[in-house]
Amino acid sequence: MEAGSSALAYFWRTKYHHKWYTMSLLKIPFIIAQTIGIYISFSSSSPPPAPEEKVEPPKFEVIILRFEGLWGNDIKKICSLAASSVEVASILATHMDPSQIPEGIYGTRVLQFLRALHPTPITPAFLAGSLAVTIGGGLRFYCMSTLGKYWSWPLSVRREHRLVTSGPYSLVRHPSYTSFLLQYFGLIAMHGEQGSWLRQSGILQVPLVNVIVAILFFGFTLCAWMTISRPAVEDKMLQRALGKEWENWAKRVKYRLFPGVY
């Protein structure tokens, strides 16, 4: 009887262990997709505006832009890529046969470090957050493509500026900011829950990682605040520049960020 019970217990442990590992492997496509979404959001293929095309930003935005100058878009992309790479490598390391690792002290230490980081399964918060970040990146790319040469990071009115009212701009006036807010709350859902990889893996115990995470969170929060406050500034800027054309569009597209809300 004891032998039968032990065999049954071993079967269920093995089955659960295999299922858990499979779930952790299934996280990889979601991790990669949301990383691409972040990379898109902080990239731009449009040429920057000329100095005479730029519009003086509000004072509060000047402070934010100074911080962003120190902790800019490229660093955000690098940190996002690094965090995702470490989590994916940690997942793969748990499935790797140690005998297949090349001999050498560095390979061994890296493997030990990666295996010491505890992989976490797919949770509803992770799934919802990663999808929000990915969809937000896709929507932001759609906005960039729709605006074309009129897209820019600084506030600006281009020479012979044309009002774009097609695609996502037929639904709300500032869909690019909507997409970033979607990503911001998606990142909070992914990494802020108690069972997230960031909080459970042990990566925050690595020296300086918690400092970098705190600075990144602060930077992303500043960007989110700017996406909420900037639409009103841009509306006034475009109204002054385009006059009746902008007013007619604003009557048709009444909301800045979220249909029926704001």
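Colleague: Which residue forms a salt bridge with E234?
Modeller: R230 does, with the closest N and O atoms 3.8 Å apart. A salt bridge here is a side-chain nitrogen of Lys or Arg within 4 Å of a carboxyl oxygen of Asp or Glu. One caution: this is a predicted model, where local features need pLDDT of at least 70, side-chain atom pairs count only at pLDDT 80 or more, and totals for chains, interfaces and linings use all residues. Residues are numbered from 1 along each chain as its sequence is written, and side-chain values use heavy atoms, with hydrogens and water left out.

Colleague: Where do E234 and R230 lie?
Modeller: Both are in helix α8, 4 residues apart, about one turn of the helix. Helices (H or I, at least four residues) and strands (E, at least two) are DSSP runs, numbered from the N terminus.

Colleague: Are E234 and R230 buried or exposed?
Modeller: E234 is buried, and R230 is too. Buried means under 20% relative accessible area, exposed over 50%, partly exposed in between (1.4 Å probe, protein chains only).

Colleague: How many salt bridges are there?
Modeller: The count comes to 7. One of them joins E87 and K27, with the closest N and O atoms 2.8 Å apart. That pair links distant parts of the chain: E87 is in helix α3 and K27 in helix α1, 60 residues apart.

Colleague: Why is E87 called buried?
Modeller: Because its relative accessible area is 6%. K27 is buried as well.

Colleague: What else does E87 contact?
Modeller: Leaving aside neighbours within four places in sequence, E87 is in contact with K27, I31 and W197. Contact means heavy atoms within 4.5 Å.

Colleague: And which ring does K27 lie over?
Modeller: K27 lies over the face of F126, at 4.5 Å from the ring centre. The rule needs NZ of Lys or CZ of Arg within 6 Å of the ring centre and within 35 degrees of the ring normal. K77 lies over the face of Y39, at 4.5 Å from the ring centre.

Colleague: Which residue forms a salt bridge with K77?
Modeller: D74, with the closest N and O atoms 3.5 Å apart. D74 is exposed, with a relative accessible area of 52%, whereas K77 is buried at 13%.

Colleague: Switching to rings. How many aromatic pairs are there?
Modeller: 6 aromatic pairs. Rings of Phe, Tyr and Trp (its six-membered ring) pair if their centres lie within 6.5 Å; planes under 30 degrees apart count as stacked, over 60 as edge-to-face and the rest as tilted. F42 and F180 form an edge-to-face pair, 5.9 Å centre to centre with 90° between the planes. F42 lies in the loop between α1 (2-41) and α2 (59-70) and F180 in helix α6 (residues 175-192), so the pair ties together parts 138 residues apart in sequence.

Colleague: Which rings make up the cluster?
Modeller: Ring pairs link F42, F180 and F220 into a cluster. F42 and F180 are both buried, and so are F42 and F220.

Colleague: Last thing. What does the chain average in pLDDT?
Modeller: 83, and 84% of the residues score at least 70. pLDDT is the predictor's confidence in each residue, from 0 to 100. Among the elements, α1 has the lowest mean (66) and α6 the highest (95).

Colleague: Where does pLDDT stay under 50?
Modeller: Over residues 1-20, for which the model has 3 contacts beyond four places in sequence. Where pLDDT is low, the predicted coordinates should not be read in detail.
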